[in-house]
Amino acid sequence: MNAAAVPTFGAKSNDFATYIDAVNYIGGEWTAPVADTFMDVINPRHGKAMARVAMSGAQDVANAVAAAKEAFKTWSQEPIRERAQVFYRLKVLMERDVDELAWLVSHENGKTFGESKAEVLKGIECVEYGCSLPQMAGGSGLEVSRGVTCQQVYEPIGVVAGVAPFNFPSMVPLWMLPQAIVGGNAFILKPSEQVPLSMIRMAELFREAGLPDGVFNIVNGGKDVVEALCDDEGIDALAFVGSTRVAKLVYGRAAASGKRVLCLGGAKNHLIVVPDADPSVTTENVVASFTGCAGQRCMAASVLVAVGDVQHLIDAVAERAASMKIGQDLGPITTQASLDRINSFIDDAEKRGAKVLVDGRGQTADAGGYWIGPTLLDNVSADMPAGHEEIFGPVLSIIRVDTVDEAIALENSNPYGNASSIYTSSGEVARYVTRKLEAGMIGVNIGVPVPREPFGFGGWNHSKFGSGNITGWDGFRFWTRARKITTKWALQKDATWMS
Ligand code: NAD
């Protein structure tokens, strides 16, 4: 492919559509991987290949590092206001193409058009944050003793990299790109090999927005590319978003080559429901949280901790979940292997004595796709795999306890710590619970407590390795380094130990 060769994606419905192959984007050129190896990109709604993705290796990463290093020399010297202008233009272009970008997400990932559009709009919010950085990144200065000032400024790090998961092909890369690129770095992105298409379209929009060649690069592929990104000493910082197993591996491996690293991992989110919870808010919210994006969100509810007698709420959640239509209200699961894994959690819980209140197994929408409907399991215990492992599907496990303190202890005993919510109409209960849960993102009467900009996104414990959050101001700080400059304004002749 030559420059400016990524066409628009023409689909305007769920009907199967093909798209171009996702090759690499290095130094502004679309290039096939050195080993010329490709893998199919499957549309999970239809179970058919809609494109191919380059499966690159270490040489492709080295080529991207060389191009990024070159681009960094001039990009890092642009004033931050100029760098931010690209993101103002990108926002307009994304708004222009929002439906096209949403259909692309929907086809490669499977989530519904509405969910896909919400994802792209959230990506635009991240771009807006990038636009606002020149107003916030002013650093600081202080006269620290007579005639001596200290100043702190935020400077780019160099060539940096990001690795993304399959569940948010557009938004997760946009968690990283604005802060890193407005911060003055040159970026190498490795999208998930399952969903590489949104980002090749975005590369074209970056070009249209006026981003110089080599500032944003894409190396497509899987594990081999990630390992090369971790090992390459030409890369100075790396952020990863994906499962806890891989997050831990990447954290160790990338740190070993001296990089700054931040790795966000998986989750097991507990929603605590107490008897005074508002029935309609709770029902809508709990169901939306565990079924949205077919449960394939790191913020999805996975355990409903039912405190005391909340049978009326459980009945309402079951009725609402059973009324949802797959294919329309929720999309497919990403792969057959993921679907098999989800089904095995349900089968196993049932064998161990859990009651399947709503059974999504065996439901299908479009032929060939990977489908399961909302599933509600009652009488689950924390020692069952469904009670403590990440399922990543539209499955909610109900664990019954007698007191709020038991609910808190249950949540805290789980090694993950991404999100947790409390449903109550009592301010006192909300305050008590929110201060005791072991999770980085807490909701009160909200099932997906994503901290929107300017707040930073990030969990605790086994849901994150490294310090700080990936979005908001912490994101900018992750992708920049603080330089401290101390100046003695008068040429004083006196000498102290600090002279
Ligand atoms: P994954 O860990 O399988 O893959 C993530 C990335 O790592 C992909 O780009 C993949 O190519 C690469 N990869 C896979 N195996 C690797 C290996 N052995 N070595 C090096 N790289 C490897 O995750 P996924 O299935 O794409 O995404 C779902 C997971 O991501 C869930 O666990 C979900 O909770 C998590 N997630 C977390 C957040 C968060 O903010 N904490 C956000 C989205 C998704």
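In the predicted model, the buried residues of helix H10 are Leu313, Ile314, Val317, Ala318 and Ala321. Viewed down the axis of H10, these residues fall within an arc of 135°, so they line one face of the helix. An α-helix has 3.6 residues a turn, so residues three or four places apart point the same way. The face of H10 turned away from the buried side carries Glu319 and Ala322, both exposed. H10 comprises residues 311-322, and its 12 residues reach 16 Å from the first C-alpha to the last, close to the 16 Å expected at 1.5 Å a residue. The cover over the buried residues of H10 includes helix H9 (279-291) and the strands S12 (269-273), S13 (301-307), S14 (355-358), S15 (375-378) and S16 (395-401).

The protein is divided into domain 1 (24-265 + 463-483) and domain 2 (269-444). Their C-alpha centres lie 31 Å apart. Across the boundary, 15 residues of domain 1 are in contact with 24 residues of domain 2. The two domains bury about 1,600 Å² between them, and carbon and sulfur atoms give 54% of this area. On the domain 1 side, Pro44, Arg45 and Ser463 lose the most area to domain 2, together accounting for 33% of what that side buries.

The largest nonpolar core has 78 residues, of which Met94, Trp175 and Phe216 touch the most other members. Helix H5 (residues 171-182) gives the most to this core, with nine residues. Both domain 1 and domain 2 give residues to the core, so it lies between them. Leaving aside neighbours within four places in sequence, Trp175 is in contact with Cys126, Val241, Leu264, Phe457, Ile470 and Thr471. Apart from this core lies another, of 34 residues, including Leu330, Leu339, Val356 and Ile399.

Met94 is also one of the buried residues of helix H2, together with Arg83, Ala84, Val86, Phe87, Leu90 and Leu93. Seen down the axis of H2, the buried residues fall within an arc of 165°, so they line one face of the helix. H2 (residues 80-96) has 17 residues and reaches 25 Å from its first C-alpha to its last, close to the 24 Å expected at 1.5 Å a residue. Among the elements covering the buried residues of H2 are helices H1 (58-75), H3 (98-109), H4 (113-136), H5 and H6 (197-208).

Terms used: Residues are numbered from 1 along each chain as its sequence is written. This is a predicted model: local features need pLDDT of at least 70, side-chain atom pairs count only at pLDDT 80 or more; totals for chains, interfaces and linings use all residues. Side-chain values use heavy atoms; hydrogens and water are left out. A nonpolar core is a set of buried Ala, Val, Leu, Ile, Met, Phe, Trp, Tyr and Cys residues joined through side-chain atoms within 4.5 Å. Buried means under 20% relative accessible area, exposed over 50%, partly exposed in between (1.4 Å probe, protein chains only). Helices (H or I, at least four residues) and strands (E, at least two) are DSSP runs, numbered from the N terminus. Domain bounds come from an automatic or database domain assignment. Contact means heavy atoms within 4.5 Å. The expected span of a helix is 1.5 Å times one less than its number of residues. The arc is that of the directions from the helix axis to the C-beta atoms. Buried area is the accessible area (1.4 Å probe) that two parts lose on being put together, summed over both.
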